[in-house]
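Please have a look at the sequence and the model before I go on.

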Amino acid sequence: MYTTELQKTATIENLEDPKLLDAFEARVAADDFIEPKDWMPEAYRRTLTRQISQHAHSEIVGMLPEGNWITRAPSLRRKAILLAKVQDEAGHGLYLYCAAETLGTSREEMVEALHSGKAKYSTIFNYPTLTWADIGAIGWLVDGAAIMNQVPLQRTSYGPYARAMVRICKEESFHQRQGYEIMIAMANGSPEQKRMAQDALDRWWWPSLMMFGPPDENSPNTAQSMRWRIKRETNDELRQKFVDITVPQAEFLGLKVPDPDLEWNEEKGGYDFGDIDWEEFYAVVRGEGPVAKERMKARREAWDEGAWVREAAAAHEAKRKQRKAA
């Protein structure tokens, strides 16, 4: 397999070769893309494998909060749009798993890491979708935060990851618009619909800010990822940009951001906002989110129930290779 060949290119000797490391650092500093068969430090490979696979897991798990609303969407148009969005997210997971596989880790290993709890996914997907307004809030806030995170990844230093992000970001922009359109309809609907929209904003605002990760001073991987151009902006920088863009959108909707400390700071040209409950964030990371167990149960069951499809595909490929060899 291709990933097996990639593993053969890395040896203990060249991993410790300072000349190779210096050449790698120079290429990254010059904004060159690192490609799968290029030499790279093992720490770079591990960091990318962790980040890309967790990104892939997030796309796949992210199908669950919205998937159960497809049949309950309020119109045929909304059903079709939501179905297309969930299909997009499945595709995003596929692109990202493929990108991660070029680093030498198999799909099966990544899925096993997810199911065992070793690998994580975005904490945002461990919150329930209680009303149709939540689907709008997810598109507006969650996909909006995702776009803020992902646009810089189109310039990440690892080529396969950067190229996968180009299409993903284009599709995520449509997802964000779909969510905001729902929020516009709800905010301009009946008093009850507007109350539902406000309730959804109240529940999804703080988890959306947590999506950018812990504060920079408590983010152990940020400094190295910035140096290697895996990340282009820090967690706090991205979070600030998200707040500055999103607050005016909430004002347009006639909704109130649930933060009593929110205030425009003329000097810095952005909003000051309240403290995030990081204890809640780390609890959700540990798997203590409101529906965390439900999410993982659904993923494990889907994997087990789909085993026959994987086995059939593997048998078909084996026969195809035999015929070709004959």
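Let me begin with helix α13, residues 278–288, whose buried residues are W278, F281, A283 and V284, and please keep in mind throughout that what we are looking at is a predicted model. What covers these buried residues of α13? The cover includes α10 together with α12, the helix at 235–253. At the start of α13, a side-chain oxygen of D277 reaches to within 3.2 Å of the backbone nitrogen of E279.

Two packed helices are described by the angle between their axes and the distance between the axes. For α8, residues 132–150, and α10, residues 191–210, the axes come within 9 Å and cross at roughly 35°, and this crossing is right-handed. On the α8 side, the contact is made by residues including W132, I138, W140 and L141, while α10 contributes, among them, M196, L201, W204 and W205. Taken together, the residues of this contact divide into 14 nonpolar, one polar and two charged.

Finally, let me turn to the loop between α8 and α9, the latter spanning 159–187, where we find T156. Is T156 buried or exposed? T156 counts as buried, because its relative accessibility is 0%, and the cut-off for buried is under 20%. The side chain of T156 reaches the backbone oxygen of R229 at 3.4 Å, and, if we leave aside residues up to four places away in sequence, T156 touches F33, Y161, A162, R229 and I230.

How values were computed
Residues are numbered from 1 along each chain as its sequence is written. This is a predicted model: local features need pLDDT of at least 70, side-chain atom pairs count only at pLDDT 80 or more; totals for chains, interfaces and linings use all residues. Side-chain values use heavy atoms; hydrogens and water are left out. Axes are lines fitted to C-alpha atoms, for helices over the stretch in contact, and angles run from 0 to 180 degrees between N-to-C directions. Helices (H or I, at least four residues) and strands (E, at least two) are DSSP runs, numbered from the N terminus. A crossing is left-handed if the near helix is turned anticlockwise from the far one by less than a right angle, and right-handed if clockwise. Contact means heavy atoms within 4.5 Å. Ala, Val, Leu, Ile, Met, Phe, Trp, Tyr, Cys and Pro count as nonpolar, Asp, Glu, Lys and Arg as charged, and the others, Gly among them, as polar. Buried means under 20% relative accessible area, exposed over 50%, partly exposed in between (1.4 Å probe, protein chains only). A polar contact is a pair of N or O atoms within 3.5 Å; within protein, one must be able to donate a hydrogen and the other to accept it, and residues adjacent in sequence count only if both atoms are side-chain atoms.
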